[in-house]
Amino acid sequence: MAYAGMRKGELLALEWSDINFDNHTIDINKTVVTDENGKQSIQSPKWNSFRTISFNSLINKYLIDYKVYQSNSTLLFPNKSGSWRNLGKPNIWLKSIINQGTVDFQTIYKMTGNDYYKCFVHQITPHGLRHTHATWLFEKNSRITPKSVQKRLGHQNIGATLDIYTHVTSDQDEILNNTLDFDF
C-alpha cells in the first residue's frame, strides 16, 4: 500500500486481471465496500477515480512470486471462501508486521545496545501508508506535481492533495532557508 497509494478497499478488490506485469501497472477500477447491514460488495472507486498506476520492478517481482504462491483465485487477497476480505484485514496485517518488527528490534537492542534498534516504527494505519506514499512522492522528486499525485491517489480535487499531503518537513525548511541564503 505504501508503494501504490491505494485505499484499502481498492487493494482488497484487486483481481489478477487488474495487474499488467509487462507494463508494471495496476488498473484501479473497483473497491470493496461494506453497507449498513455489514454486507460487502464491489462498487466504483471513491469519486469514480478510475486510474492506472505504475509500480517498480521490485513490486512486479513480488507480485509475480505471490501469484505463483496464490494461484487458485481471481482475487489477489481472497478470504478462505474465495471472496473479498473484510475491510479491517489490512489493519490486522499491518499491526502484526509492526508488532513482530518491534519484538525483533527490542531483542536486538537488548543484545547490542545500538540506539538504531531502540524503536522500530510507530503504529500506522493502512491509510497512513497512503499518506506515506504521497509524502515520498513529493519529497523524493521535486519535479512531481501535485496534479500528478492527485491523479495517482484518485482524489476528487487538487485541494485534498495539497491540504493533506504537502506537509512542511525539516528538509523543506532547510531548502527554504538555503534558497533565501544569499548576500547583498
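Rings of Phe, Tyr and Trp (its six-membered ring) pair if their centres lie within 6.5 Å; planes under 30 degrees apart count as stacked, over 60 as edge-to-face and the rest as tilted. This is a predicted model, where local features need pLDDT of at least 70, side-chain atom pairs count only at pLDDT 80 or more, and totals for chains, interfaces and linings use all residues. Residues are numbered from 1 along each chain as its sequence is written, and side-chain values use heavy atoms, with hydrogens and water left out.

Q: What makes W16, F21, Y66, Y69, F77 and W93 a cluster?
A: Ring pairs link these residues. The structure holds 10 aromatic pairs.

Q: Why is the pair of Y3 and W136 called tilted?
A: The centres are 5.6 Å apart, within the 6.5 Å limit, so they pair. Y3 sits in the segment before α1 (8–13) and W136 in helix α4 (residues 126–140), 133 residues apart.

Q: Why is R85 called partly exposed?
A: Buried means under 20% relative accessible area and exposed over 50%, with partly exposed in between (1.4 Å probe, protein chains only). R85 has 23%, so it lands in between.

Q: How do you know that the side chain of R85 makes a polar contact with P78?
A: One of its polar atoms lies 3.1 Å from the backbone oxygen of P78. A polar contact is a pair of N or O atoms within 3.5 Å; within protein, one must be able to donate a hydrogen and the other to accept it, and residues adjacent in sequence count only if both atoms are side-chain atoms. The 3.1 Å is within that cut-off, so this counts as one.

How values were computed: Helix = DSSP H or I, 4+ residues; strand = E, 2+ residues; numbered from the N terminus.
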